[in-house]
Structures are given as structure tokens and as C-alpha cells.
Amino acid sequence: DSGKETEGTSAHPEKTSGAGQSEQPTEEAAKKSKARKRDSEAKGKWWPCTTTEMELKNLESEGFLQPGSWRSVPNEPAPAPRDDEMVLTKALVERGFSFPPSDFFREILKTYGLQPHNISPNSVLAISNHVALCEGHLRVTPELPLFQYYFSVKKEKIRQTSELATCGSVTFIIRPGRVYPPTDRHESARYWSGGFFYLKDASDPASDKKLPPFKNCPATELP
């Protein structure tokens, strides 16, 4: 009889208890909460070094680094360079930082009391794009007043504190109302501070084009 229910089934099955259904979302929420906590703890601080020799060799083969100029220190908790070394990160190099640094980049560092690691990676990209705009399209030398006309400084604090971040102390953002050529944003740089490595400083000790000595601290001269 087609009207009969098959044994063991029901046309109106009872709702399940939901215990199994709620277990997965709860587990997923716990994972997200743990990830958010880890992100909060990592933001603005050094993350243990994850840079590999292969990654640096790739940067070398692409012309970003000179052969034999770098040293990797996997798993080192925070930078501790030798006297003749500078601290860089993979994310900054990939976004346009080069050595020796340009006069314009050094002027930004001096004006705001920054070291390279105090600038967020995508703000290094913004600086690189601005230099390309000035030199490649406008045919002018990049100068700080023009950059400051378009960009303001956002201070980056460690979450849930008033402490200025050490890694990524500042972000340069377009001022409201300013018309500026659109540029492509680089992909996210989560945990970028873990991509640090050491670059041998081969510049003349008396040169005024040197980077400031490395200090494991936030920016010092922000307005």
C-alpha cells in the first residue's frame, strides 16, 4: 500500500535534540576566538622569526637583496642584530623598501622618529607608490610637504592598551577630501613582523645616508 509508512520512518519525523548541530558552531566559534586573541597578542609586537633561507634566496634571485648580504635566524623571538647589521622584514622589501634608502625615505624616518619596522607594510607601499608617482609621472623630486599634503599619520596602538605599537607604529592614510590617484593594495600582511632578517650594513660609517641604529621600540617623534 503506497499510503503506508515504511517501517522505522515517519512522515513527520521528530526534531533531533540539536546537540550535534550546535557542537560544530561552538567549536568554530572557539577557533575564531582563539585566532582573534592570537592576532591581538601579535599586533604591534615582534613575532618569532619565520623567515627561511629559501625565501631570502628568492628575494636575492629577484634582485631585491645582494648575494651574501643577509642572515636568517629562524625561530628567534625578536631581532638582536650584530653591530654591522640592520633589521629588515620580508614584507617591507616586497613592498618597495630598498637599500641604500632614498633621501625621501630617510627624511620620513627623521621627521617622524621612525625606524623601518615602525612603518606598517602597506604604508611602505604607499611611500613607494608616491615616489613612483612623483619621479615616473610628474617628473619631480618627491618632497615631504607634498606627501604630507596628501597623507596624514595614524598612530597604531596595541589593542586594549594605550601603548604605541613597536612594529607598525604608524599608518599613512589619505586625508579626507584629497584627490589622489588610486593604487592597488598589497595582500594582507598578518604576522609580518615574524618575517624579519638581518642585512649587512656595508655603507660608510661616516655617511649621512645610513639608517638609524636599530632600537626595539616604537616611534619617538610623532606629532
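Visitor: Is Leu-125 buried or exposed?

Guide: Burial is read from relative accessible area, and under 20% counts as buried. In this predicted model, Leu-125 has a relative accessible area of 13%, so Leu-125 is buried. The residue is found in helix α5.

Visitor: Where do the axes of α4 and α5 stand relative to each other?

Guide: A helix pair is read from the distance and the angle between the axes. Helix α4 covers residues 103–112 and helix α5 covers residues 121–138; their axes come within 11 Å and cross at roughly 135°. That angle makes α4 oblique to α5. The crossing of α4 past α5 is right-handed.

Visitor: Which residues make the contact?

Guide: From α4 they are Phe-104, Phe-105 and Ile-108, and from α5 they are Ile-127, His-130 and Val-131. Sorted by type, the contact residues of α4 with α5 are five nonpolar, one polar and no charged.

Visitor: Why do residues three or four places apart in an α-helix point the same way?

Guide: An α-helix has 3.6 residues a turn, so residues at that spacing point the same way. In this structure, Phe-104 and Ile-108 are both among the α4 residues in the contact with α5.

Visitor: Which residues of α4 are buried?

Guide: They are Phe-104, Phe-105, Arg-106, Ile-108, Leu-109 and Tyr-112. Their cover includes α5, α6, β3 (151–155) and β4 (170–174). Just after α4 comes Gly-113, with a positive phi of about 65°.

Visitor: Which residue other than glycine has a positive phi near 60°?

Guide: That is Arg-139. Arg-139 lies in the loop between α5 and α6 (144–150). Its relative accessibility is 67%, so Arg-139 counts as exposed. A further case is Asn-75, which is not a glycine and has a positive phi of about 75°.

Visitor: Where is Asn-75 found, and is Asn-75 buried or exposed?

Guide: Asn-75 is in the loop between β1 and β2. Exposed means over 50%, and Asn-75 has a relative accessible area of 64%, so Asn-75 is exposed.

Visitor: How many bridges join β2 to β5?

Guide: Five bridges join β2 to β5 (residues 196–200), and the two strands run antiparallel. Thr-89 has Phe-196 as its bridge partner in β5, while Val-87 stands opposite Tyr-198 in β5. On the β1 side, β1 and β5 pair over two bridges, also in the antiparallel sense. There, Arg-71 has Tyr-198 of β5 as its bridge partner.

Visitor: Why is β2 largely enclosed by the rest of the structure?

Guide: Five of the five residues of β2 (residues 85–89) are buried, so the strand is largely enclosed. Glu-85, Val-87 and Thr-89 point one way from β2, and Met-86 and Leu-88 point the other way. In β5, four of the five residues are buried, so β5 too is largely enclosed by the rest of the structure.

Definitions and conventions. Residues are numbered from 1 along each chain as its sequence is written. This is a predicted model: local features need pLDDT of at least 70, side-chain atom pairs count only at pLDDT 80 or more; totals for chains, interfaces and linings use all residues. Side-chain values use heavy atoms; hydrogens and water are left out. Buried means under 20% relative accessible area, exposed over 50%, partly exposed in between (1.4 Å probe, protein chains only). Two strands pair if DSSP finds at least two bridges between them. Axes are lines fitted to C-alpha atoms, for helices over the stretch in contact, and angles run from 0 to 180 degrees between N-to-C directions. Angles under 35 degrees count as roughly parallel, over 145 as roughly antiparallel, 65 to 115 as roughly perpendicular and the rest as oblique. A crossing is left-handed if the near helix is turned anticlockwise from the far one by less than a right angle, and right-handed if clockwise. Contact means heavy atoms within 4.5 Å. Ala, Val, Leu, Ile, Met, Phe, Trp, Tyr, Cys and Pro count as nonpolar, Asp, Glu, Lys and Arg as charged, and the others, Gly among them, as polar.
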